[in-house]
Amino acid sequence: MLRLSMQAVTYVLGAPCQVYQQRLRDGMIGHWQWPLASIHELLGGGWSDILESKTIWRLSVAAIAILVYLVFHGRNVEKAKAPYAGYRSFWEPTFWVRLRFINGAWPIIMDGYRKYKDSMFWIRRNDRDILILSNKYVDELRAIPDEKLSGFEADVENLRGPYYLDVILRSNLHTRSLNQKMSPNLQAYVDIVRDELAHALKSEMPESENWTEVPIGDFLLRIIARISARFIVGLPLCRNEEWLRVSTVVGVNVFTTVLILRELPPFLRPLHPVIVRCLPSWHRLLENLRVARSLIAEVLEQYTLNKREGKVNYDEAASPLLLWMSENGSNSLERDPVNLAHRMIFLGLGSIHTTASQAAHAIHDLTARPELIIPLREELEQVLCTEGGWGKSALMKLWKLDSFMSESQRVNPPALTVFHRLAMEPMTLSDGTYLPKGTFIAMAAASILLDPDVVPNPEKFDAFRNYRERLEPGESTRHQYAMVDKDHLHFGHGRHACPGRALAVNELKLILGSFLLNYDLKYPEGKGRPANQTVDEIVFADPKATLLIRKLSQCGRRRCDGKTLHCLMIQDLSEGAPIYT
Ligand code: HEM
């Protein structure tokens with residue numbers, strides 16, 4: 001039945017899509033014209049040509065096939081027994097609940113969490129139902145092997161991966177590179193991040209001591225793309241404008257494609273292979289991958305040449321992950337340059353937008369709460385003074401900054417749900433809870449941290465709540481931003497917990513520290529912190545928000561070991577630069 005309806009609809013829709021693609025190739029229409037102009041083109045071109053011929057009956061066959069499919073689809077799918085969250089009344093139609101989820105996921109998940117936080121409940125996203133489990137199950141679930149409860153399969157399903165992300169399904173080389181190469185050499189990677197940040201800030205930051213308006217989201221994206229590129233692909237590619245462009249726009253193209261596919265009615269899912277080919281964002285994504293493949297091929301060729309001539313001059317401890325992967329891939333597929341290029345792009349995807357989004361939230365929270373600036377600046381100056389600069393030990397001693405960042409993430413979560421896993425076979429948990437094969441599970445990470453039983457006064461933005469906890473006897477190594485446990489799930493948990501989180505937290509400290517010490521921030525006249533936006537479970541700061549930034553002019557006021565503490569300018573980030581005058 002499914003195959004029949006797919007074939008029928010593919011037959012009908014395939015032609016106009018081909019017309020559309022041909023017109024794109026011929027330059028007759030531009031990607032940016034989608035959806036309005038290109039639909040017009042299609043109507044004027046592909047559709048009308050087709051309608052003139054034998055297509056009416058084809059459309060009818062397809063419509064009937066869709067109807068039959070709609071009626072029978074999903075009828076016999078076994079589902080875990082749990083209540084559904086989000087219905088306003090018994091009479092509210094399910095399609096309406098799904099549509100409300102697109103921009104209203106917060107209240108729906110909060111409602112479910114309040115009622116069923118100790119058991120489980122279903123949420124209805126437009127493309128699928130997701131079973132939200134209580135976090136009391138997290139330790140049991142994280143012990144279940146991937147063959148039974150898969151994190152990769154869940155990511156690929158969640159991000160409509162088959163159309164571009166299959167590289168992560170075929171091997172976990174990117175995760176191994178972080179766990180086996182980066183984590184044991186974190187200090188060396190923090191050093192190169194600091195070096196690249198100094199370069200990025202010099203290239204991107206306004207030098208003026210007058211207020212300058214900047215689009216803060218784009219601005220942070222550029223800075224973090226530069227830093228990520230440094231540890232992913234290394235010099236000189238990390239400063240190549242084409243690489244930087246591709247590694248930042250690819251995220252936009254992926255999410256546009258994913259969200260369009262997700263928001264189509266679920267019964268159209270079998271048609272995704274056809275529909276995706278009609279999406280300009282998908283064609284742009286393929287173009288991004290093409291560019292990435294050619295740039296990575298050049299780097300690898302040059303690297304092989306240099307190696308043969310004994311001219312490789314990377315610091316062994318912090319060599320780019322690309323080179324580590326090209327040498328440590330365990331088979332020819334893992335070492336294949338095309339495969340590596342795709343993996344670099346998706347490592348960038350996992351590290352750039354996530355970190356940039358948290359940085360944007362934190363900068364907004366600082367700008368909206370200027371009373372935090374003095375205590376954070378004082379801590380930075382005191383720690384950098386006693387530690388003699390921006391080393392890893394200094395970053396670990398910035399407890400107030402760490403606490404502020406963690407609080408900023410608590411109220412501005414990267415996503416409302418995390419710990420996405422797909423049941424690859426039926427399973428029964430220790431308390432008898434039954435999860436049929438194919439159940440897509442998640443945890444309500446954001447709601448947990450708004451629960452007064454977990455966080456006292458959760459509605460209050462209390463920048464130093466973790467800092468105070470750490471001052472308690474025996475608590476100094478706990479309550480840190482990068483730590484995960486059953487209540488703190490924003491970096492996931494278990495074997496798929498974010499392997500880049502320690503580096504991300506250090507990156508964020510370096511960026512926020514540089515902003516705090518070198519710049520004043522404020523909102524343009526009449527504006528305040530813009531409200532966050534959500535699409536499905538994804539949360540992001542307003543991408544159009546702007547801030548006013550000005551370079552600090554007053555330096556040399558504070559004393560440090562009898563010397564005047566210099567302004568800790570951006571160049572002080574670079575290794576060896578003096579921080580005292
Ligand atoms: C603030 C920034 C970041 C946030 C909020 C974040 C969050 C996450 C989350 C929620 C997961 C899924 C965990 C799970 O399912 O249990 C994840 C996985 C991952 N992250 Fe991050 N991440 C961040 C930065 C980074 C950075 C900088 C890197 C690379 C250096 C990175 C690389 C990865 C990779 C490779 C995975 C997949 C791990 C696996 O499936 O085994 N992330 N991240």
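**Entry 1. Domains**

I started with the domain assignment, which gives domain 1 (2-72), domain 2 (79-170 + 416-449) and domain 3 (171-415 + 450-486 + 490-573). I keep in mind that this is a predicted model.

I then looked at how domain 2 meets domain 3. Their C-alpha centres lie 27 Å apart. The contact takes 32 residues from domain 2 and 38 residues from domain 3. I listed the elements of domain 2 that give two or more residues to this side: helix 4 (94-116), helix 5 (138-142), helix 7 (166-170), strand 5 (418-423) and helix 20 (445-448). Which of them gives the most? I found that helix 4 does, with five residues. By class, I noted 18 nonpolar, six polar and eight charged residues on the domain 2 side.

I traced an open sheet of five strands, in the order 1-2-8-5-3. The pairing is mixed. I checked the edges next. Strand 1 (120-124) and strand 3 (149-150) stand there, each with a single partner strand, so one side of each has no neighbour in the sheet.

Strand 2 (residues 129-133) and strand 8 (residues 440-443) pair in the parallel sense, over two bridges. L131 stands opposite I441 of strand 8.

I also looked at the helices on this sheet. Helix 4 lies across strand 1 and strand 2, and runs at about 160° to strand 1. Helix 6 (residues 151-158) packs on the sheet too, where it touches strand 3, strand 5 and strand 8. The direction of helix 6 makes about 100° with that of strand 5.

F419 has a positive phi of about 55°, although it is not a glycine.

**Entry 2. Around the ligand**

I looked up the shell around the ligand. There are 26 residues around it, and S351, T354, G492, C498 and G500 come nearest. Which elements supply at least two residues each? I found helix 8 (173-182), helix 16, strand 5 and helix 22 (501-518). Helix 16 gives the most to the shell, with five residues.

I sorted the shell by class: 10 nonpolar, 15 polar and one charged. I also asked which domains are drawn on for at least three residues each. Both domain 2 and domain 3 are.

**Entry 3. Helix 16 and its crossing with helix 13**

I turned to the packing of helix 16 (residues 337-368). Its axis and that of helix 13 (residues 280-308) come within 8 Å and cross at roughly 115°. The crossing is right-handed. From helix 13, the contact is made by N288, L289, A292, R293, I296, A297 and L300. From helix 16, I noted P337, V338, L340, A341, H342, M344 and I345. By class this contact has 11 nonpolar, two polar and one charged residues.

**Entry 4. Helix 22 and its crossing with helix 9**

I did likewise for helix 22. The axes of helix 9 (residues 186-204) and helix 22 come within 10 Å, crossing at roughly 35°. Helix 9 passes helix 22 in a right-handed crossing. On helix 9, the contact residues are L186, Y189, V190, V193, R194, L197 and L201. On helix 22 they are A502, L503, N506, E507, L510, I511 and S514. I counted the classes as 10 nonpolar, two polar and two charged.

I traced an open sheet of three strands, in the order 4-12-9, with antiparallel pairing. Strand 4 (212-215) and strand 9 (519-522) are the edge strands, and each pairs on one side only. On average, neighbouring strands here are turned by 35° against each other, direction ignored.

I followed the pair of strand 9 and strand 12 (residues 546-551). Four bridges join them, and they run antiparallel. K522 stands opposite L548 of strand 12.

**Entry 5. A cis peptide**

Last, I checked a peptide bond. Is the bond joining L235 and P236 cis or trans? I found it cis, with omega about 0°. P236 sits in the loop between helix 10 (216-232) and helix 11 (241-263).

Terms used: Residues are numbered from 1 along each chain as its sequence is written. This is a predicted model: local features need pLDDT of at least 70, side-chain atom pairs count only at pLDDT 80 or more; totals for chains, interfaces and linings use all residues. Domain bounds come from an automatic or database domain assignment. Two residues are in contact if their C-beta atoms, placed from the backbone, lie within 7 Å. Ala, Val, Leu, Ile, Met, Phe, Trp, Tyr, Cys and Pro count as nonpolar, Asp, Glu, Lys and Arg as charged, and the others, Gly among them, as polar. Axes are lines fitted to C-alpha atoms, for helices over the stretch in contact, and angles run from 0 to 180 degrees between N-to-C directions. A crossing is left-handed if the near helix is turned anticlockwise from the far one by less than a right angle, and right-handed if clockwise. Two strands pair if DSSP finds at least two bridges between them. A residue is near a molecule or strand if its C-beta atom, placed from the backbone, lies within 6 Å of it.
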